[in-house]
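Subject: Handing over the structure

Hello,

Here is the structure I promised to pass on. Please open it alongside this message and follow the residues as you read.

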Amino acid sequence: MFKRYDISPIAVWWRNIDKALLSLILSLLFLGNLFNFLSTSTIPSEKLYDSRYFLFYKHIFFSIVGLFILFSFSFLKKEKAKLYVIVGFVVFTCLLALVFFFGVEVKGSKRWLNLIFFRIQPIEFVKPFLILSIALVLSRQKYTLSLRFFLSALFVVIPVIFLLMQPDYSQSLLVITIWLIMIFISGISLLFISIIAGLVIVTMTSILFFFQNKFFYIFDRIFSWISEVEISYQSEQALNAIKSGSFFGRGIGEGILKEKVPEAHTDYVMSVISEEYGIVIVLLVISITMFLIIRIFSLAINSSENFYKFSLIGISSLIAIQSFINLGVTINILPSTGMPFPLISYGGSSIIGSCIALGLALLISKKNQYE
């Protein structure tokens with residue numbers, strides 16, 4: 001008889017993990033840090049902290065934390081994913097609620113919690129666990145379709161209320177949109193989805209007009225965006241930066257957008273990259289992101305269990321919508337929203353939130369533990 005050798009946990013992990021998905025994630029994370037170091041955050045860092053690389057040090061710190069979370073999730077047992085989802089959703093929703101009482105106000109909005117050394121935006125951590133919680137409810141076949149819809153709506157309403165109180169209208173719309181996508185792929189009829197979508201549009205529009213004082217910034221952004229006379233200063237500078245960079249860019253450090261627009265390293269990161277490295281590099285980043293989204297979606301299609309399928313479709317939708325919104329703002333086809341580009345824009349909460357979502361995607365897309 002042959003002697004049986006135990007396989008190391010790392011070998012088991014490597015055998016079961018989706019290597020294509022992991023490679024795409026690491027590629028984006030590497031590019032995000034590279035651009036942050038060479039271009040996107042140096043000028044804002046000098047202006048705010050008198051240190052050229054202070055924001056880069058913070059960026060790489062959050063990237064390391066994100067990587068740790070990413071690999072930690074991918075090492076967990078796939079069979080326990082449903083338990084992790086509930087715990088994560090409860091914990092981070094409680095943090096989201098605490099923002100209302102202890103949040104730090106910036107530009108009229110309370111969206112962050114101050115943790116002494118840095119601030120966190122809890123909604124970025126809520127979104128991945130919310131997606132999996134919705135998937136968990138929608139995959140419960142013993143529940144009727146109407147009950148699954150009602151329970152999933154309840155999961156969504158709670159964070160949306162907290163978001164509107166901050167106020168954070170764009171994140172509210174993002175969460176609702178992902179929920180509509182997920183209930184659609186769960187088997188609910190298109191007619192019913194259309195009715196719900198109509199009610200959502202009426203409700204969210206009514207909230208805007210009934211609470212104009214709270215959401216005045218939304219009206220300012222929309223009026224600036226639809227104005228035929230002139231576009232906003234930030235959008236104009238971002239478009240000029242893209243034109244200036246042309247196909248191959250002006251060169252490392254030669255861009256001026258980051259000197260003119262304070263949020264260039266977050267909201268307009270693609271314009272900074274385009275100005276210095278050219279549209280060719282921007283297309284590379286977009287291509288990697290598209291392959292990432294397509295890979296997650298293909299893993300969802302091939303999944304035999306509804307919970308895994310719905311979860312992966314929700315995560316791919318999250319990455320796709322956030323990327324599209326950021327790019328839409330960059331080229332002025334959408335009003336400014338403050339939505340970061342996943343793993344590329346500066347922002348600790350955004351990086352960690354994206355790593356949580358993608359770590360969960362790695363976890364639930366693993367092959368069976370003992371195959």
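Below is what was found, region by region.

First, a caution. This is a predicted model. Please read every value with that in mind.

**Salt bridges**

The structure holds 4 salt bridges.

Start with E305 and K82. Their side chains meet in a salt bridge, at 3.3 Å from N to O. E305 lies in the loop between helix 14 (279-301) and helix 15 (306-330), and K82 lies in helix 5 (residues 81-102), so the pair ties together parts that are 223 residues apart in sequence. How accessible are the two partners? E305 is partly exposed, with a relative accessible area of 29%. K82 also counts as partly exposed, at 32% relative accessibility.

Next come D168 and R111. They form a salt bridge too, and the closest N and O atoms are 3.8 Å apart. D168 lies in the loop between helix 7 (145-165) and helix 8 (169-185), while R111 belongs to strand 2 (residues 109-114), so this pair ties together parts that are 57 residues apart in sequence. Are these two buried or exposed? D168 is buried, with a relative accessible area of 2%. R111 counts as buried as well, at 13% relative accessibility.

Look at its partners now. Strand 1 (residues 104-106) and strand 2 run antiparallel, joined by 3 bridges.

Strand 2 and strand 3 form a hairpin, with 4 residues between them. In the turn, I116 has a positive phi of about 70 degrees.

**Aromatic rings**

How many aromatic pairs does a search of the whole structure find? It finds 16. Among them is the pair of F37 and F56, which is tilted: the centres are 4.9 Å apart, with 55 degrees between the planes. This pair links distant parts of the chain, with F37 in helix 2 (residues 19-40) and F56 in helix 4 (residues 54-75), 19 residues apart. F37 counts as partly exposed, at 32% relative accessibility. F56 counts as buried, at 11%.

Ring pairs link W13, W14, F71 and F75. W14 has a further neighbour: the charged end of K19 sits over the ring of W14, 5.0 Å from its centre. The charged end of K78 sits over the ring of Y308, 4.7 Å from its centre.

N16 is found in helix 1 (residues 9-16). N16 is buried, with a relative accessible area of 4%. Its side chain reaches the backbone oxygen of V12 at 2.9 Å.

S323 has its place in helix 15. S323 counts as buried, at 5% relative accessibility. The side chain of S323 reaches the backbone oxygen of I319 at 2.7 Å.

**Helix 16**

Last, a check on one helix. Helix 16 (residues 348-364) has 17 residues, which at 1.5 Å a residue should span 24 Å. Its end C-alpha atoms are 24 Å apart, which agrees. Is this helix covered or open? Helix 16 is mostly covered: 17 of its 17 residues are buried.

That is the tour. Start with the salt bridge of E305 and K82, then move on to the hairpin of strand 2 and strand 3.

Best wishes

Note on methods. Residues numbered from 1 in each chain as written. Predicted model: local features only at pLDDT ≥ 70, side-chain atom pairs only at ≥ 80, totals over all residues. Heavy atoms only, no water. Helix = DSSP H or I, 4+ residues; strand = E, 2+ residues; numbered from the N terminus. Expected span 1.5 Å × (residues − 1). Buried < 20%, exposed > 50% of the residue type's maximum accessible area, 1.4 Å probe, protein only. Pairing = 2+ DSSP bridges. Phe/Tyr/Trp six-rings, centres within 6.5 Å; stacked < 30°, edge-to-face > 60°. Lys NZ or Arg CZ within 6 Å of the ring centre and 35° of its normal. Polar contact = N/O pair within 3.5 Å; in protein donor to acceptor, adjacent residues only side chain to side chain.
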